[in-house]
Amino acid sequence: MGASVASDSVHLTQTLAILDEQAARGRAISWIGVFGGLLMATAIQIPERRPPGHWAASAALLIIALVSAAVLFSSRGRAGVDSQKVFRLGLVTTTGVLVVIYYTGPFSPGALALFMGIYYFGLGDSRRHGLTILSMCVVGYAALGFAATARLLPVGESLLPLAESSPLVHAVSTVVVTTFLGLTYWLARTSRAASLEKTWLDAQ
């Protein structure tokens, strides 16, 4: 009886520690959304040229910052941020980043923000959340990349145009980026599984 109670107590402690970790990570990613959104919204106002999608990208970045701030405000006084709120923030942010990628160009550094989102949710405890964000990133980026390859998007008019490169280069770039998006998720899930296994083994 005593051993069982002790074991349950240890497992409860480990579970609470994991929840605390996720909550702290949620607060951190929300602050990144606030500052990153405001910083990028300001940065894209600097160039004099206004490619198609400028105001949509500006609005998307401000929305990301505002939603991130709302998540933080609604979680004030707590140790961290609720995972469901962070997931909804992830949906908004992923959509906003894809809008920004349309504006800057599919083959610009804008795609780097997708890697951060995939890695964050890949490290989470909800596989559904991780796969949803991964699917949005991969499908959204692939659609933009192949649309640019087929000249369905005004690539030459984007903020960072690569109009001189060939469609083959565009296609290869799209495949490489989407492949690494998937590998980033796999890396995060593998790391998370190893961390959880170590945590539970230490509790034995």
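Hi everyone, the protein chain here has six helices and zero strands, where helices are DSSP runs of H or I with at least four residues, strands are E runs of at least two, and numbering starts at the N terminus. Along the sequence the pattern reads α-α-α-α-α-α. Please keep in mind that this is a predicted model, in which local features need pLDDT of at least 70, side-chain atom pairs count only at pLDDT 80 or more, and totals for chains, interfaces and linings use all residues. Residues are numbered from 1 along each chain as its sequence is written, and side-chain values use heavy atoms, with hydrogens and water left out.

Let me begin with the whole chain. Of its 204 residues, 39% are buried; buried means under 20% relative accessible area, exposed means over 50%, and partly exposed is in between, with a 1.4 Å probe and protein chains only. Contact means heavy atoms within 4.5 Å. Among contacts with a separation of 6 or more, 77% come from residues 24 or more positions apart.

Now to the helix packing. Two packed helices are described by the angle between their axes and the distance between the axes. Axes are lines fitted to C-alpha atoms, for helices over the stretch in contact, and angles run from 0 to 180 degrees between N-to-C directions.

How do α2 and α3 pack? Helix α2, residues 54-74, and helix α3, residues 83-104, pack at an angle of about 165°, with axes 8 Å apart. That makes α2 roughly antiparallel to α3, a label for angles over 145 degrees. Their crossing is left-handed, meaning that the near helix is turned anticlockwise from the far one by less than a right angle. Among the residues that meet are Ala60, Ile64 and Val71 in α2, and Leu89, Val92 and Tyr103 in α3. By class, this contact of α2 with α3 has 14 nonpolar, five polar and one charged. Here Ala, Val, Leu, Ile, Met, Phe, Trp, Tyr, Cys and Pro count as nonpolar, Asp, Glu, Lys and Arg as charged, and the others, Gly among them, as polar.

Next along is helix α4, residues 112-122, which packs with α3 at an angle of about 160°, with axes 10 Å apart. α3 and α4 are therefore roughly antiparallel to each other, and their crossing is left-handed. The contact includes Val86, Phe87 and Leu98 of α3, and Leu114, Tyr120 and Phe121 of α4. Its residues divide into nine nonpolar, one polar and no charged.

That brings us to the aromatic rings. Rings of Phe, Tyr and Trp (its six-membered ring) pair if their centres lie within 6.5 Å; planes under 30 degrees apart count as stacked, over 60 as edge-to-face and the rest as tilted. By this rule there are three aromatic pairs. One of them, tryptophan 31 with phenylalanine 35, is stacked, at 5.7 Å centre to centre and 20° between the planes. Both lie in helix α1, residues 2-43, four residues apart, about one turn of the helix. Buried or exposed: which is phenylalanine 35? Phenylalanine 35 is exposed, at 55%, while tryptophan 31 counts as partly exposed at 42%.

Phenylalanine 87 and phenylalanine 121 form an edge-to-face pair, 6.4 Å centre to centre with 80° between the planes. This pair links distant parts of the chain, α3 and α4, 34 residues apart. Phenylalanine 87 is buried at 7%, and phenylalanine 121 is buried at 10%. Ring pairs join Phe87, Tyr120 and Phe121 into a cluster.

Key:
Angles under 35 degrees count as roughly parallel, over 145 as roughly antiparallel, 65 to 115 as roughly perpendicular and the rest as oblique.
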